Amino acid sequence: VIFGIWSEGNLFSEYNLKTMIETVTPLVITCAGMAFVFAHGGMDISSGAVVAVSSLCAVVLMNHTGSLILGLLSSIVISIICYVINVLVTNKFGLMATITSLAIMFSARGIVTYVCQTTPNERISISEVSLELFKKNHIFMITAMLVVVTVLGIIFNYTSIGKGAKAIGDNEKAAYQNGVWVSKTKVICYVIAGICVGIASFFKLSTTGVVQSMTGEGLEMDVLVVSVLGGMSLAGGAG
């Protein structure tokens, strides 16, 4: 509001508002999924790299098949795979979630960088599919955000998944002794995060239309900042 007044209303021009919606949509969807990871005391710093590798797979598949649906599904599936590997390694070997997500981040970023460097312009563009729905339809973007936040808000606050995640974050041993399936709950939380990051990947891909080595860079820090400013405790628990 202050900057809007100082700019004599120019900050709230139609162009700026549309740009804000395009920027916020993937961030809100990602944060909604990450809330489940943070709630049980997990940590993730790989979302930017996962966005990059998910977008890469989506572009390659869409350029070969011309199918928007297959591109979206592949983005979600690849993202889920990355997050499931993260949680399974963490659960199996007892590593810190930060270390595992760091490994995922370097691996995913390395794959994208290598593939992009094999192309003439070090980038891969969408050539066979129109992504106008995810790029220019701002009503659709707002609707997508509202649907994701509403559905995950209900799951987070009123189901055993969300309640279990927060219980694990407060005290994992106590949660286990009270009947929470700790490992299963963590896996479900990471799957939810993977779905959200996969969807967010498609929105970010639609905005730029290309995948390059820098795709998604910095998203993980945006997620952490937004989550903290929104009141999320990165230490986990009911708070």
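A: Val149 belongs to helix H7, residues 138-158; helices here are DSSP runs of H or I with at least four residues, strands are runs of E with at least two, and both are numbered from the N terminus.

A word on the ground rules. This is a predicted model, in which local features need pLDDT of at least 70 and side-chain atom pairs count only at pLDDT 80 or more, while totals for chains, interfaces and linings use all residues. Residues are numbered from 1 along each chain as its sequence is written, and side-chain values use heavy atoms, with hydrogens and water left out.

Now to the part I would zoom in on, helix H8, which spans residues 160-170. Its axis and that of H7 come within 4 Å and cross at roughly 60°. Axes are lines fitted to C-alpha atoms, for helices over the stretch in contact, and angles run from 0 to 180 degrees between N-to-C directions. H7 and H8 are therefore oblique to each other, the class left over once angles under 35 degrees count as roughly parallel, over 145 as roughly antiparallel and 65 to 115 as roughly perpendicular. The crossing of H7 over H8 is right-handed, meaning that the near helix is turned clockwise from the far one by less than a right angle, with anticlockwise giving left-handed. On the H7 side, Ile155, Phe156, Asn157 and Tyr158 take part, and they meet Ile161, Gly162, Lys163 and Lys166 of H8; contact means heavy atoms within 4.5 Å. The residues of this H7 and H8 contact comprise four nonpolar, two polar and two charged. Here Ala, Val, Leu, Ile, Met, Phe, Trp, Tyr, Cys and Pro count as nonpolar, Asp, Glu, Lys and Arg as charged, and the others, Gly among them, as polar.

Which residues of H8 are buried? They are Gly162, Gly164, Ala165, Lys166, Ile168 and Gly169. Their cover includes H7 as well as helix H2 (14-39), helix H9 (172-177) and H10.

The H8 and H10 axes come within 10 Å and cross at roughly 115°, so the two helices are roughly perpendicular to each other. This crossing is left-handed. H8 brings Ile161, Gly164, Ala165 and Ile168 to the contact, and H10 brings Val182, Thr185, Lys186, Ile188, Cys189 and Ile192. Sorted by type, the residues where H8 meets H10 are seven nonpolar, two polar and one charged.

Let's stay with Cys189, which lies in H10 (residues 182-208). Cys189 is buried, with a relative accessible area of 0%. Leaving out residues up to four places away in sequence, Cys189 touches Phe36, Val37, His40 and Ala165. Further along the chain, Leu224 is 35 residues from Cys189, and their C-alpha atoms are separated by 17 Å.

And what about the cysteines as a group? The structure holds zero disulfides, a disulfide being a pair of cysteine sulfur atoms within 2.5 Å. For Cys57, the closest cysteine sulfur is that of Cys82, at 8.2 Å, too far for a bond. Cys196 is in no disulfide either, and its nearest cysteine sulfur, in Cys31, is 9.9 Å away. Cys196 counts as buried at 4% relative accessibility, whereas Cys57 counts as partly exposed at 26%.

Last, a stop in the loops. Most residues other than glycine have a negative phi, and most peptide bonds are trans. Glu8, in the loop between helix H1 (2-6) and H2, is not a glycine and yet has a positive phi of about 55°. Glu8 is exposed, with a relative accessible area of 72%. Glu122 also has a positive phi, near 55°; it sits in the loop between helix H5 (97-117) and strand S1 (123-125) and is partly exposed at 45%.

Terms used:
Buried means under 20% relative accessible area, exposed over 50%, partly exposed in between (1.4 Å probe, protein chains only).
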